[in-house]
Amino acid sequence: MSLWKIRDKKERLVIGLMSGTSVDGVDAALVHIKGGGEQTEAKLVSYVNVPFPREVRQRILDLAEGDFGGTGEICRMNALLGYLYLDACNAVCRKAGISEEEVDLVGCHGQTVYHQPKKEEYLSHTIASTLQIGDPSIICEKLGVVAVSDFRVRDIAAGGQGAPLVPYTEYLLYTDKDRDVALQNIGGIGNITFLPKGGWMGSLMAFDTGPGNVLIDRAVWEYSKGEFTFDEGGRIGASHPIDERLLDWLMEEEYLKTRPPKTTGRERYNQGFMVEIYKRSREWGIGLGQIVSTLTRYTAETIALSVREFLPRIPGRLIVGGGGSYNETLISHIQQLLPEVQVMTNEELGLNSDAKEAVAFAILANEAVNGICNNVPSATGAAHPVVMGKISQ
């Protein structure tokens, strides 16, 4: 279907695709979208997660370290991810019981392999940069649909951090006229959005709180000798004592003290960061189980610090989404640290935590083809609103 035909449609079936810093697979959400802008109505039709094969996951993690692979490796992974994203599109259509021909549009975030939003000197120039890979042309060719991808770069060109991107859709879907609401996503990286009651889009605030699951997952893999890639239910984190020395040292980390707008990722919280944690732990006689429990508490502490230090007000409600929302130990820590806040998950609202970000990229793609600005400068630091997303047709 051509872009012009899509623009004429008042209602669309849109697939949103997300693969984040946890690198656990592709989230695909089939969303029925009506209208655009502040009149957007979005309903989740179907959702699937298609896990990455173990060797693909490890290679992506290697690439995200920033010093592995070279251009040939990135080129091949770019094409491979395009096919894996196509597989996820097919899977969500099968689950919904529809044919691929019924899909109008696909919004694909891509896989971030490097994100450097802070300007740095490079070959006599001062630049910020970000790179998401996963060739959308493969989706466009094989499904016969318009695909929107590579959202972050337009915001960075306008002086923004290229993140966080989901606050736009959170404003459309979660704003409450009667109370302040904050939304905390815990994927590989944690990010928070503050929605003032009855507020307008320019009044919201959003930023990355720090590590989400990324450090916990690495420690769990080490603890289990490669058997597990995450702490299911937070059981490991609950079964070992927290080491206060390690926690205090972690809380001195530079990013946590930086005021928003700010964004971070695996370029900071990577294997090098873990090496320092292991080094300190050996010096202090801290076991691997204690590292998992301490890092779980650390993630909760970074969230509580962000709420207390950087939000305009303590929100009445904090809605937690992402994979970390299933870590009961982590949620318990957050509730303990923010006793005056109603801490709840998307599931308690009848929503799907796993699908949340994939739904967001379906909506962002819908806005892009409508020609509607879909970044939030107050969150990203961009100089002005822009239309994010490159269109393949």
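Good morning. The buried residues of helix H2 pack against helix H3, residues 70-96, and against strand S5, residues 111-122. That is my starting point in this structure, which is a predicted model.

Which residues of H2 are the buried ones? Helix H2 covers residues 54-64, and its buried members are Val-56, Arg-57, Ile-60, Leu-61, Leu-63 and Ala-64. They span an arc of only 160° around the axis, which means that they sit on the same side of H2. There is a general principle behind such a pattern. An α-helix has 3.6 residues a turn, so residues three or four places apart point the same way. On the face of H2 turned away from the buried side we find the exposed residues Arg-54 and Glu-55. After H2 comes Gly-66, with a positive phi near 95°.

In soluble globular proteins, nonpolar side chains tend to be buried together. In this model the largest nonpolar core has 41 residues, and the members that touch the most others are Leu-105, Val-148, Phe-151, Met-201 and Leu-204. Which elements give two or more residues to this core? They are helix H1, strands S1, S2, S7 and S8, and helices H6 and H14. H14 gives the most, with nine residues. A further core lies apart from this one; it has 33 residues, among them Leu-17, Ile-139, Leu-143 and Val-145.

Leaving aside neighbours within four places in sequence, its contacts include Leu-105, Val-106, Gly-107 and Cys-108. Also in contact with Val-148 are Ala-365, Ala-368 and Val-369, as well as Gly-389, Lys-390 and Ile-391.

Next, please consider strand S9, residues 189-195. How many of its seven residues are buried? The count is seven of seven. Both faces are covered: one side carries Ile-189, Asn-191, Thr-193 and Leu-195, while the other carries Gly-190, Ile-192 and Phe-194.

S9 also has a strand partner on either hand of our discussion. S8 and S9 run antiparallel and are joined by six bridges, and they form a hairpin with two residues between them. Within that pairing, Asn-191 in S9 is the bridge partner of Asn-185. S9 is likewise joined to S10, residues 205-211, by six bridges in an antiparallel arrangement. There, Thr-193 stands opposite Ala-206 in S10.

I shall finish with the backbone. Most residues other than glycine have a negative phi, and most peptide bonds are trans. Where are the exceptions to look for?

The peptide bond from Ala-163 to Pro-164 is cis, with omega near -10°. Pro-164 is placed in the loop between helix H5 and H6. The bond from Pro-260 to Pro-261 is also cis, with omega near 5°, and Pro-261 is found in the loop between helices H10 and H11.

As for phi, Asp-150 has a positive value near 55° without being a glycine. Asp-150 lies in the loop between S7 and H5. Lys-225 is not a glycine either, and its phi is positive at about 55°. Its place is the loop between helix H7 and helix H8.

Are these two residues buried or exposed? Asp-150 has 16% relative accessibility, and residues under 20% are called buried, so Asp-150 counts as buried. Lys-225 has 77%, and the limit for exposed is over 50%, so Lys-225 counts as exposed.

Thank you for your attention.

Methods: Residues numbered from 1 in each chain as written. Predicted model: local features only at pLDDT ≥ 70, side-chain atom pairs only at ≥ 80, totals over all residues. Heavy atoms only, no water. Buried < 20%, exposed > 50% of the residue type's maximum accessible area, 1.4 Å probe, protein only. Helix = DSSP H or I, 4+ residues; strand = E, 2+ residues; numbered from the N terminus. Arc of directions from axis to C-beta. Contact = heavy atoms within 4.5 Å. Core = buried A, V, L, I, M, F, W, Y, C linked by side-chain atoms within 4.5 Å. Pairing = 2+ DSSP bridges.
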